[in-house]
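Subject: Structure handover

Hello,

Here is the structure I promised to pass on. Please look it over before you read my notes.

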Amino acid sequence: MSERLQVSVTRIEREVEDAEELAAIARAAFAGPSFSPVDELERPWARVWVARGGAPSEAPRALGFLVAWHVVDELHVLNVATAPEVRRRGIGAVLVETALAFAVESGVRLVLLEVRRSNEPAIRLYEKFGFVVSGVREKYYADNDEDALEMQRILA
């Protein structure tokens, strides 16, 4: 059995001390062109949350991140990623829960995202938080022409 992780999530807005750790998580999580959650901070509408922590016997480190765009009364989740060695241990759930709490506090009406049709663990996670499939974007992902499921959660 794995040692229990202690996790805290913070929203980052500027300088990030663990930028390279976040870049490594992104490289491990996403096929195709490189994606940097830190680069997203240059966009005033971007919201980036980082989960940090580890086992009680470890020094805290970046475990995952969620990037979303907040525009008027919508929050569009762009990327959720966790470090490969801590996947399926609740990091993604904590990040989604944090983003949804922000959305409620900010008066967001609709939360949107796209997910690969084959990413069943992510689809189950989003469904657990009340997201429903609202459409399909055919051949959405350029690396393999996979379809994306459009999912949404109406908050108000």
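Predicted model: local features only at pLDDT ≥ 70, side-chain atom pairs only at ≥ 80, totals over all residues.

Residues are numbered from 1 along each chain as its sequence is written, and side-chain values use heavy atoms, with hydrogens and water left out.

**Pocket and cavity**

Rolling a probe the size of a water molecule over the atoms shows where empty space is left. The search runs on a 1 Å grid over the protein atoms alone. A cavity is a set of points where a 1.4 Å probe fits but cannot get out. A pocket is an open set with protein on both sides within 12 Å along at least five of seven lines. Lining residues have an atom within 4 Å of a point. Grid points are joined across faces, edges and corners, and a volume is the space filled by probe spheres set on the points.

The largest pocket has a volume of about 1200 Å³. It is lined by 35 residues, and Ala29, Phe30, Val80, Asn119 and Tyr126 are the closest to its centre. Strand S4 (74–82), helix H3 (91–105), S5, helix H4 (120–128) and strand S6 (132–141) each supply at least two residues of this lining. S4 gives the most, with seven residues. Helices (H or I, at least four residues) and strands (E, at least two) are DSSP runs, numbered from the N terminus. By class, the pocket lining has 21 nonpolar, eight polar and six charged residues. Here Ala, Val, Leu, Ile, Met, Phe, Trp, Tyr, Cys and Pro count as nonpolar, Asp, Glu, Lys and Arg as charged, and the others, Gly among them, as polar.

There is one cavity of 30 Å³ or more. About 50 Å³ of space lies in the largest cavity. Its lining consists of Leu66, Val77, Val96, Ala99, Leu100, Val111, Leu113, Tyr126 and Phe131. H3 gives the most to this lining, with three residues. By class, the cavity lining has nine nonpolar, no polar and no charged residues.

**Helix H3**

The 15 residues of H3 should span 21 Å at 1.5 Å a residue, and its end C-alpha atoms are 21 Å apart, which agrees. The expected span is 1.5 Å times one less than the number of residues. Buried residues in H3 include Ile91, Leu95, Val96, Ala99, Leu100 and Phe102. Buried means under 20% relative accessible area, exposed over 50%, and partly exposed in between (1.4 Å probe, protein chains only).

Glu114 is in strand S5 (residues 110–116). It counts as buried, because its relative accessibility is 15%. Its side chain makes a polar contact of 3.0 Å with the side chain of His76. Another, of 3.5 Å, joins the side chains of Glu114 and Tyr140. A polar contact is a pair of N or O atoms within 3.5 Å; within protein, one must be able to donate a hydrogen and the other to accept it, and residues adjacent in sequence count only if both atoms are side-chain atoms.

Val77 is in strand S4. It is buried, at 7% relative accessibility. Leaving aside neighbours within four places in sequence, Val77 is in contact (heavy atoms within 4.5 Å) with residues including Leu66, Val111, Leu113 and Glu114.

**Glu40 and Phe35**

Glu40 is found in helix H2. It is buried, with a relative accessible area of 7%. Phe35 is in the loop between helix H1 (19–29) and helix H2 (37–40). Phe35 touches Glu40, and Ala26, Phe30, Phe65, Val67 and Asn79 as well, not counting residues up to four places away in sequence.

**Backbone angles**

Most residues other than glycine have a negative phi. Val72 is not a glycine, yet has a positive phi of about 55°. It is in the loop between strand S3 (61–71) and S4, and is exposed at 74% relative accessibility. Arg88 also has a positive phi, near 65°. Its place is in the loop between S4 and H3, and it is exposed at 67% relative accessibility.

Best wishes
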